[in-house]
Amino acid sequence: MSSLTSLDTPAVQPELAASNTRLAVRRFLRNRLAVVGLGVVVFFVLFCFVGPLLYSTDQTHTLLQQVNESPSRAHWLGTDAVGHDELGRLMYGGKVSLIVGLSAGVLATVIGTLWGAAAGYAGGWIDAFMMRVVDAGIAIPALFILLVVSAITTPDLGGLVLILGLISWLVPSRLVRAETLTLKNRDFVLTLRATGGGHARAITRHILPNSVSTVIVAATFQIADAILLVAYVSYLGLGVQPPSTDWGGMLSSGMTAAYSGYWWLIVPPGLAIILVVWAFNAIGDGLRDAFDVRGRA
């Protein structure tokens with residue numbers, strides 16, 4: 001009974017896991033770019049979700065009496081072509097971009113993790129077939145798929161999340177598969193299998209918990225990619241539809257007025273996209289270095 005109980009315990013003991021977590025946190029905090037990136041993400045989350053509670057604006061009705069006004073005390077970032085306050089619009093559009101990016105990134109990571117773990121653990125022809133599906137998907141540009149889908153139908157917010165998640169899971173699946181190939185031959189997995197443990201138990205009790213660092217790093221990059229893809233399709237007018245908007249849609253609308261000198265319609269959303277995408281990539285780099293065992297001299 002005691003031997004079976006020991007097999008049910010996680011591969012990493014709680015004390016060791018806590019020690020590794022503290023070490024990873026210290027290594028992450030020593031990465032200045034990653035810490036700055038985390039601060040940028042926290043700022044934009046507060047800006048987009050808490051900001052509208054403190055800076056209330058009308059983002060639904062057309063206000064022709066205040067069209068294309070330059071920044072002033074009444075409108076800190078001016079107004080757009082239909083009279084919407086640009087600062088309030090930036091908060092509103094950022095909320096959509098962050099919700100879609102975070103949701104699609106998490107969905108893509110979950111799908112990719114399950115697919116990669118199953119392929120790597122199964123091995124043989126099943127692994128070969130599943131990874132050929134991944135290779136075929138990677139060969140098709142994600143932006144091309146988004147344009148085709150958007151031309152066929154106009155997705156709502158939930159539909160956009162689902163589409164982005166279903167085309168962005170390919171890279172995480174390859175990363176998790178590579179991790180699974182090394183873990184499935186470790187002693188704790190082989191012992192579990194030798195004592196009658198099922199495949200699902202081996203994956204859920206050992207493979208996935210020991211791949212958590214790879215999954216977390218992959219998720220941060222997927223979120224950044226999803227936010228960028230949302231901006232792409234919205235810039236082309238194929239994203240969320242008015243009166244909803246996101247940062248890419250704001251850029252698309254502002255470009256028509258850019259030649260008239262209305263810089264406040266394109267600079268703020270453009271900077272927001274650049275900063276948030278950079279921030280998530282910086283966090284991903286920091287997490288990758290923090291979890292890199294080989295770098296822990």
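Predicted model: local features only at pLDDT ≥ 70, side-chain atom pairs only at ≥ 80, totals over all residues.
Reader: Which residue forms a salt bridge with R288?

Author: D285 does, with the closest N and O atoms 2.7 Å apart. Both residues sit in helix α14, three residues apart, or about one turn of the helix. D285 is partly exposed too, because its relative accessible area is 30%.

Reader: How many salt bridges does the structure hold?

Author: Four. Another one joins the side chains of D127 and R177, at 2.7 Å from N to O.

Reader: Where do D127 and R177 lie?

Author: D127 is in helix α6, residues 124-139, and R177 is in helix α9, residues 170-183. The pair therefore ties together parts that are 50 residues apart in sequence.

Reader: And D127, buried or exposed?

Author: Buried, at 8% relative accessibility. R177 is at 23%, so it counts as partly exposed.

Reader: Which residue joins R132 and D135 in a network?

Author: R174. Salt bridges link R132, D135 and R174 in a network.

Reader: Switching to aromatics. How many pairs?

Author: Eight aromatic pairs. One of them is F44 with W247: ring centres 5.7 Å apart, planes at 70 degrees.

Reader: Why is that one edge-to-face?

Author: Planes over 60 degrees apart count as edge-to-face, and the planes of F44 and W247 are at 70 degrees, so the pair qualifies.

Reader: Which parts does the F44 and W247 pair tie together?

Author: F44 lies in helix α3, residues 32-49, and W247 lies in helix α13, so the linked parts are 203 residues apart in sequence. F44 is buried at 8%, and W247 is buried at 0%.

Reader: What about W263 and W264?

Author: They form an edge-to-face pair as well, 5.9 Å centre to centre with 85 degrees between the planes. W263 is partly exposed at 45%, whereas W264 is buried at 5%.

Reader: W247 is in α13. How do α13 and α14 cross?

Author: Their axes come within 9 Å and cross at roughly 145 degrees. The crossing is left-handed. α13 covers residues 247-258 and α14 covers residues 267-291.

Reader: Which residues meet there?

Author: From α13, W247, G248, M250 and L251. From α14, P269, G270, A272, I273 and V276. By class, that contact has seven nonpolar residues, two polar and no charged ones.

Reader: M250 again. Which residues does R89 touch, away from its sequence neighbours?

Author: Not counting residues up to four places away, R89 touches Q59, D80, H84, P243, S244, T245 and M250. R89 is in helix α5, residues 86-122.

Reader: Is R89 buried or exposed?

Author: Buried, with a relative accessible area of 9%. D58 is 31 residues from R89 in sequence, and 8.9 Å from it in space, C-alpha to C-alpha.

How values were computed:
Residues numbered from 1 in each chain as written. Heavy atoms only, no water. Axes fitted to C-alpha atoms, helices over the stretch in contact; angles between N-to-C directions. Helix = DSSP H or I, 4+ residues; strand = E, 2+ residues; numbered from the N terminus. Left-handed = near helix turned anticlockwise from the far one by under 90°. Contact = heavy atoms within 4.5 Å. Nonpolar A, V, L, I, M, F, W, Y, C, P; charged D, E, K, R; others polar. Buried < 20%, exposed > 50% of the residue type's maximum accessible area, 1.4 Å probe, protein only. Phe/Tyr/Trp six-rings, centres within 6.5 Å; stacked < 30°, edge-to-face > 60°.
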